[in-house]
Amino acid sequence: MSEPGLSSRLRLLYWVLTGLVAAAMTASGGLYFRDVFAGSGEVLDNFAELGYPSYMVAMLGTAKLLGALALVVRRFPLLTEWAYAGFTFNFLSAGISHLTVGHTLGESMPPFVMLAILLGSYTLWRRQYRVQAV
């Protein structure tokens, strides 16, 4: 399927960035569910350390898996937009939560790095979506 709004290099960059986010969120969501079903694990321990209730692990795991699917499928633009917004809130909240409990900048950086990758993907997606909508 041709995407007239992006050059082939930008289209490749879009899919690389989007693939990184989708893969990370799929892996993360899978780890969340692993710990929920096991009743223990690193994810649950991390949530407890950050002061979040354990029931949020299943909710966020579900949201991550559905959001990753929405980014890759792109069939429903509003749902894709919500996925980008949800991941933005997730990455900001995660980074700030780690900083707030006293984790080092190095320990707190991964969510902010993922946010930068997500913003790159979003910028290219919006550029493509805007062209197709005209």
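A residue is buried under 20% relative accessible area, exposed over 50%, and partly exposed in between (1.4 Å probe, protein chains only). The model is predicted: local features need pLDDT of at least 70 and side-chain atom pairs count only at pLDDT 80 or more, while totals for chains, interfaces and linings use all residues. Residues are numbered from 1 along each chain as its sequence is written, and side-chain values use heavy atoms, with hydrogens and water left out.

**View A. Helix H1 crosses helix H4 at roughly 60°.**
H1 covers residues 8-38 and H4 covers residues 77-100. Helices are DSSP runs (H or I, at least four residues), numbered from the N terminus. The two axes come within 13 Å. Axes are lines fitted to C-alpha atoms over the stretch in contact, and angles run from 0 to 180 degrees between N-to-C directions. The crossing of H1 and H4 is left-handed. Left-handed means that the near helix is turned anticlockwise from the far one by less than a right angle; right-handed means clockwise. H1 brings Tyr14, Thr18, Val21 and Met25 to the contact (heavy atoms within 4.5 Å). H4 answers with Tyr84, Phe87 and Phe91. Six of these residues are nonpolar, one is polar and none is charged. In this scheme Ala, Val, Leu, Ile, Met, Phe, Trp, Tyr, Cys and Pro are nonpolar, Asp, Glu, Lys and Arg are charged, and the others, Gly among them, are polar.

**View B. Helix H2 packs on helix H3 at about 115°.**
H2 spans residues 42-50, and H3 spans 55-73. Their axes lie 9 Å apart. H2 passes H3 in a right-handed crossing. On the H2 side, Val43, Leu44 and Phe47 make the contact. On the H3 side, the partners are Met56, Val57 and Leu60. The contact holds six nonpolar residues, with no polar and no charged ones.

**View C. The largest nonpolar core has 19 residues.**
A nonpolar core is a set of buried Ala, Val, Leu, Ile, Met, Phe, Trp, Tyr and Cys residues joined through side-chain atoms within 4.5 Å. Val21, Leu71, Phe87, Phe91 and Leu118 touch the most other members. H1, H3, H4 and H5 (105-133) each supply at least two residues. H5 gives the most, with six. A second, separate core has five residues, including Tyr32, Val43, Leu44 and Phe47. In soluble globular proteins, nonpolar side chains tend to be buried together.

**View D. What does phenylalanine 87 contact beyond its neighbours within four places in sequence?**
Val21 and Met25 are among its partners. Ala63, Lys64, Gly67, Ala68 and Leu71 also touch phenylalanine 87. Leu118 is another partner.

**View E. Threonine 80 is a buried residue of helix H4.**
Its relative accessible area is 1%. Beyond residues up to four places away in sequence, threonine 80 touches Ala70, Leu71, Arg74 and Trp125.

Is serine 108 buried or exposed? Serine 108 counts as buried, at 0% relative accessibility. Leucine 99 is partly exposed, with a relative accessible area of 39%. With residues up to four places away not counted, leucine 99 touches Leu105, Ser108 and Phe112. Two distances set the scale. The C-alpha atoms of leucine 99 and phenylalanine 87, twelve residues apart along the chain, are separated by 18 Å. Serine 108 and serine 8 are 100 residues apart in sequence and 34 Å apart in space, C-alpha to C-alpha.

**View G. The structure holds two salt bridges.**
A salt bridge is a side-chain nitrogen of Lys or Arg within 4 Å of a carboxyl oxygen of Asp or Glu. Aspartate 35 pairs with arginine 34, the closest N and O atoms being 2.9 Å apart. Aspartate 35 is buried at 2% relative accessibility, while arginine 34 is partly exposed at 45%. The other bridge joins arginine 126 and glutamate 81 (3.4 Å, N to O). Arginine 126 lies in H5 and glutamate 81 in H4, so the pair ties together parts that are 45 residues apart in sequence. Arginine 126 is partly exposed, with a relative accessible area of 22%. Glutamate 81 is also partly exposed, at 24%. Side chains of opposite charge can pair when their charged atoms come close.
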